[in-house]
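Let's take a friendly walk through a protein model together. Have the sequence and the 3D view at hand as you read.

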Amino acid sequence: MESGILTNQRDNSNQNRTFFAPCEQKSSKIFRTMLVLGIESSCDETGAALISDKDGLLADALYSQIDMHRHYGGVVPELASRDHIRRAIALVDEVLDKAHKTREDLDAIAVTEGPGLAGALLVGTSVAHAIGWALDIPVLGVHHLEGHLLAARLSTPAPEFPFLALLVSGGHTQIMKVERFGHYELLGQTLDDAAGEAFDKTAQLLGIPYPGGPGVSALAEKGESGAIELARPMIHSPNLDMSFSGLKTSVLTAVHAAPDVNDETFRANLARGFVDALTDVLASKLTRAMKQTGLKTVVVAGGVSANKQLRERLTTEVRRRRGKIFFPPMRLCTDNGAMIAAAGIARLEAMTPEELNELREKKSFGVNPRWALNTL
Ligand code: KG4
Ligand code: ZN
């Protein structure tokens with residue numbers, strides 16, 4: 001495939017082809033086709049993927065470090081970084097093989113620049129820049145949460161802008177208004193624990209191994225709604241902010257008061273009570289946001305968007321208000337390389353040829369462990 005990003009020839013047949021068709025496209029499209037490698041290494045998953053603007057997602061590969069971190073009850077940053085070093089290049093080669101491409105076919109690389117663990121981010125960005133400089137192609141630092149959001153656009157049908165976004169991950173719980181590609185207005189967020197964190201801490205109290213989300217969710221399926229009622233902090237507050245640390249305390253209090261914490265019915269009912277309380281708060285805040293903004297299209301993304309009960313509850317609430325709801329494909333809800341490639345290709349498509357050249361010429365890089373999405 002001819003690498004076309006930096007050529008000045010136009011190929012009219014492809015001129016209007018864009019992967020995400022950003023609303024505010026600055027560039028006249030000068031590349032013929034674009035093949036982007038995405039690399040993710042912000043936490044405990046190493047991911048790589050290839051996306052072409054013509055054919056969409058060509059290949060992706062993921063290595064999860066969960067088994068390694070499980071022994072410690074959570075992610076150990078230094079171990080995470082070392083393991084990313086072991087996996088990153090092998091995963092890049094794997095996706096190239098799967099898609100029958102070579103490194104020379106790449107037009108650009110997108111890599112998670114933040115937020116995340118500094119050491120882990122440095123591994124992905126170092127690999128991306130080493131490959132990029134060797135091939136003389138642009139390397140773009142991508143915001144991890146923009147990746148989560150745009151993963152929903154890898155679903156069919158894809159959501160149209162503008163939309164409301166509920167981001168529920170291990171580190172973030174935010175409601176955003178997304179007017180158009182790249183414009184993220186924060187409407188509300190958790191004031192303490194993130195939804196994923198609340199799942200993980202509840203799992204710990206119930207003796208469910210890290211990461212707790214899927215385990216708590218499976219246990220909740222066997223429980224009875226209403227058998228154990230837990231706190232729903234800030235559910236009636238007039239704004240779109242949330243708090244989940246009170247819910248966690250409420251779980252702890254129930255555990256301490258239980259005659260037998262190992263009783264299966266108690267455990268299932270507590271898990272159900274937790275999931276019901278959390279989904280109630282999220283549903284209430286999201287529908288309040290729909291009312292406040294008048295927006296009817298909703299995107300739910302981030303690791304917790306894989307949660308069955310949350311998906312069902314939000315789908316019911318949004319449809320009741322004649323809205324449309326979109327989730328990423330199930331396997332792309334948690335961290336992966338495809339979402340980073342997707343965000344990267346959308347940003348690259350919105351760049352002018354000069355900006356692309358500048359990016360290619362740049363011979364330094366850094367990471368951004370604490371990076372707010374609304375500052376993009
Ligand atoms: O987005 P993500 O993969 O990583 C971050 O960017 O933080 O989210 C990880 C979080 C973890 O807290 C995990 O327990 C939660 O997502 N999670 C789930 C489910 N799958 C992952 N929570 C509830 N139900 C699930 N099925
Ligand atoms: Zn994530």
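## Around the ligand

A polar side-chain atom of His148 sits 3.0 Å from an oxygen atom of ligand 1. Please keep in mind that this is a predicted model. His148 is also among the residues that come nearest to ligand 1, together with Gly170, Asp200, Gly303 and Asn307, out of 19 residues around the ligand.

| Residue | Atom in the protein | Distance to an oxygen atom of ligand 1 |
|---|---|---|
| His148 | polar side-chain atom | 3.0 Å |
| Gly196 | polar backbone atom | 3.1 Å |
| Gly303 | backbone N or O atom | 2.9 Å |

How much of the accessible area of ligand 1 does the protein cover? On its own, ligand 1 has 550 Å² of accessible area, and the protein covers 87% of it.

Now turn to the sheet. In general, the strands of a sheet pair through backbone hydrogen bonds, and they can do so in a parallel or an antiparallel way. Here, 5 strands form an open sheet in the order β3-β2-β1-β4-β5, and the pairing is mixed. At its edges are β3 (56–64) and β5 (139–143), each of which pairs on one side only. From one strand to the next, the twist averages 20°.

Look at β1 (residues 35–40) and β4 (residues 108–114): they pair in the parallel sense over 4 bridges. Which residue in β4 is the bridge partner of Ile39? Val111 is that partner.

Finally, find helix α4 (residues 144–151), which lies across β1, β4 and β5 and runs at about 80° to β5.

How values were computed: Residues numbered from 1 in each chain as written. Chains lettered and ligands numbered in written order. Predicted model: local features only at pLDDT ≥ 70, side-chain atom pairs only at ≥ 80, totals over all residues. Heavy atoms only, no water. Pairing = 2+ DSSP bridges. Helix = DSSP H or I, 4+ residues; strand = E, 2+ residues; numbered from the N terminus. Axes fitted to C-alpha atoms, helices over the stretch in contact; angles between N-to-C directions. Contact = heavy atoms within 4.5 Å. Near = heavy atom within 4 Å. Polar contact = N/O pair within 3.5 Å; in protein donor to acceptor, adjacent residues only side chain to side chain. Areas by Shrake-Rupley, 256 points an atom, 1.4 Å probe, with all protein chains shown as cover.
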